[in-house]
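Let's take a walk through a protein model together. Have a look at the chain below, and then we'll go through some of its parts.

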Amino acid sequence: MDDNLYGSRDKRGNWTPNEPLKKAPVFVLPPQPRAFLKWLPTYFLPWNVILMLIAGLTWYALTPSQETLSVLSADWILYLLARNSLGIFLFYGAFQLHFYWMRRQDIAFKYNGKWPRKKDDSFLFGSQLRENLFWTFAAGVPIMTAYEVLILWVFANGYMPFVSFGENPIWLAVLFLLVPLIHEVHFYLVHRLIHIPPLYQWIHSLHHNSVNPAPFSSLSMHPVEHLLYFSGILVHFILPSNPFLAMYHLYFAGYGAVVGHVGFDKVVLNDEKAVPTHAYNHYLHHKYFEVNYSEGLVALDQMFGTFHDGSEDGDRLMKERFRRRRAKLNS
Ligand SMILES: [Zn+2]
Ligand SMILES: [Zn+2]
């Protein structure tokens with residue numbers, strides 16, 4: 001599939017899609033019912049459905065019984081850690097294998113024309129991939145698992161109210177649909193917080209080491225960022241919920257993070273078929289740092305003036321904003 005039909009590559013080899021990023025027609029005034037209906041399937045397909053399936057399969061087939069979960073024990077905690085490590089390795093690894101190890105589509109639809117260097121001493125252990133793997137598996141997955149242990153143990157003991165699908169199916173279905181929105185608002189707030197200068201240097205600069213992100217950059221974060229990033233799932237202790245929904249939320253954050261970091265606009269399946277990744281919004285954040293703090297589902301960046309739509313116009317607006325800020329700081 002020819003990526004020139006969908007975008008253009010500049011002299012440096014960077015590819016830009018023809019279509020600028022648009023806000024999702026969800027919270028827009030006046031309402032756009034036709035655009036909303038056209039957009040709706042993309043809310044589910046394919047990524048949300050895949051994440052729902054991972055959460056469902058894990059909950060029904062790979063999670064110990066409520067009785068086991070009610071008593072903290074190293075056995076099942078280590079089992080969850082191993083199961084999550086393997087799950088994340090396989091899921092992120094599938095993208096890594098397709099795009100980077102096998103280079104199945106070379107640089108077709110790759111935003112940054114260059115590949116992350118095999119050897120780069122600015123990274124821990126001498127390469128971006130090694131640094132990314134280290135923070136993902138030494139901190140990211142263990143902290144994600146710690147949150148999962150907390151949820152499962154609290155719900156298994158009934159320390160928090162537990163609503164079953166039989167009791168209140170409508171509310172739980174609504175909450176299920178709201179999870180991506182709740183995740184987005186929480187992510188935006190945490191993300192703005194850790195871009196504030198002392199916190200940025202201390203915590204978030206580690207994630208931004210990967211200027212040319214690849215799948216394993218997704219959870220390559222400082223442990224404090226992991227703690228904040230996954231804390232959104234604590235909302236299931238405030239709203240009426242149940243452990244399956246909390247797990248879906250946790251996996252949406254953990255497994256789902258890869259979608260924004262693949263570095264490619266589409267997964268090419270064959271000459272005619274390609275699946276959009278929706279990675280461009282967050283790719284621009286890794287490229288320019290101070291734009292697109294949200295993931296683009298809720299128009300928070302548009303609201304707060306930090307949106308970059310990927311076009312030349314978006315570039316101009318961003319530069320104007322940076323200039324205004326510099327002038328204000330120097331005055
Ligand atoms: Zn990122
Ligand atoms: Zn950031």
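**A histidine to start with**

Start at histidine 285: with 24 C-beta neighbours inside 10 Å, it counts as buried. (Buried means 20 or more other C-beta atoms within 10 Å of a residue's own, exposed means 12 or fewer, and partly exposed is in between; C-beta atoms are placed from the backbone.) By the way, you're looking at a predicted model, where local features need pLDDT of at least 70 and side-chain atom pairs count only at pLDDT 80 or more, while totals for chains, interfaces and linings use all residues. Residues are numbered from 1 along each chain as its sequence is written, and chains are lettered from A and ligands numbered from 1 in the order in which they are written.

You'll find histidine 285 in helix 10 (residues 280-288); helices (H or I, at least four residues) and strands (E, at least two) are DSSP runs, numbered from the N terminus. Setting aside neighbours within four places in sequence, histidine 285 is in contact with Val291, Asn292 and Tyr293, where contact means C-beta atoms, placed from the backbone, within 7 Å. Histidine 308 sits 23 residues away from histidine 285 in sequence, and their C-alpha atoms are 8.6 Å apart.

Now for helix 9. What hides in there? Pro243, Phe244, Leu245 and Ala246 are among its buried residues.

How do helix 5 and helix 9 pack? Helix 5 (residues 128-156) and helix 9 (residues 243-254) have axes 10 Å apart, at an angle of about 175°. (Axes are lines fitted to C-alpha atoms, for helices over the stretch in contact, and angles run from 0 to 180 degrees between N-to-C directions.) The two helices are therefore roughly antiparallel, the label for angles over 145 degrees. On the helix 5 side, Met144, Tyr147 and Glu148 are among the residues that take part, and helix 9 brings residues including Pro243 and Ala246.

Finally, the record. UniProt, in an unreviewed entry, places "transmembrane region" at residues 43-61, 76-95, 133-156 and 168-190; such annotations may be inferred rather than shown by experiment. In the model, residues 133-156 are 100% helix, with end C-alpha atoms 32 Å apart.

Technical notes: Parallel < 35°, antiparallel > 145°, perpendicular 65-115°, else oblique. Contact = placed C-beta atoms within 7 Å.
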